[in-house]
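Hi,

Here is the structure I promised to pass on. Have a look at it first, and then read my notes below.

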Amino acid sequence: MKIAISCQGCELTDLVDPRFGRAKGFMVLDTENDSHEFIDNTQNLNAAQGAGIQSAQNVAATGAKAIITGHVGPKAFTALDKGKIAVHLIEGGTVAQAFATYKDGKLEAASGADKDGHW
């Protein structure tokens, strides 16, 4: 299974980005072959609108079935939900720490957005 984590850099030791749509990138971890890959998201950092939806499409294109991020807006949440990608919210930490918390079963799937759009 592939899990994406919004991140501020391209290493497992980099911090989780609290923003979903405007995250610097996504670390995609594959639990089946114990690999990871950084997916750049800079095209959405300064987007006037649609960053959350476009980021959701980028995550879906990786084959991820879950996303771990700090916050997610309503349009992004809807796009992820339609793509059957579970959203898990976390406060702070590194990508590696977030992944470990997920693997330990300590992150519940969110039932909706936790932020208004354009925050």
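Before the sheet, a word on terms: helices (H or I, at least four residues) and strands (E, at least two) are DSSP runs, numbered from the N terminus, and two strands pair if DSSP finds at least two bridges between them. Also, this is a predicted model, where local features need pLDDT of at least 70 and side-chain atom pairs count only at pLDDT 80 or more, while totals for chains, interfaces and linings use all residues. Residues are numbered from 1 along each chain as its sequence is written, and side-chain values use heavy atoms, with hydrogens and water left out.

The sheet is open and has 5 strands in the order β3-β2-β1-β4-β5, with mixed pairing. At its edges stand β3 (35-40) and β5 (86-89); each has a single partner strand, so one side of each lacks a neighbour in the sheet. On average, neighbouring strands are turned by 25 degrees against each other, direction ignored (axes are lines fitted to C-alpha atoms, for helices over the stretch in contact, and angles run from 0 to 180 degrees between N-to-C directions). Strands β1 (residues 2-7) and β4 (residues 66-69) run parallel and are joined by 3 bridges; Ala4 has Ile67 as its bridge partner in β4.

Packed on this sheet is helix α1 (residues 51-62), which touches β1, β2 (25-30), β3 and β4 and makes about 20 degrees with the direction of β2. Contact here means heavy atoms within 4.5 Å.

Now for the burial pattern in that helix. Ala51, Gly52, Ser55, Ala56, Asn58, Val59 and Thr62 of α1 are buried (under 20% relative accessible area; exposed is over 50%, partly exposed in between, with a 1.4 Å probe and protein chains only). Down the axis of α1, the buried residues fall within an arc of 160 degrees, so they line one face of the helix; the arc is that of the directions from the helix axis to the C-beta atoms. Their cover includes β1, β2, β3, β4 and α2 (74-82). Ile53, also found in α1, is partly exposed at 35% relative accessible area. Just after α1, Gly63 has a positive phi of about 90 degrees.

How many aromatic pairs does the structure hold? It holds 1: the rings of Phe20 and Phe26 have centres 5.4 Å apart and planes at 50 degrees, so the pair is tilted. Rings of Phe, Tyr and Trp (its six-membered ring) pair if their centres lie within 6.5 Å, and planes under 30 degrees apart count as stacked, over 60 as edge-to-face and the rest as tilted. Both Phe20 and Phe26 are buried.

Cheers
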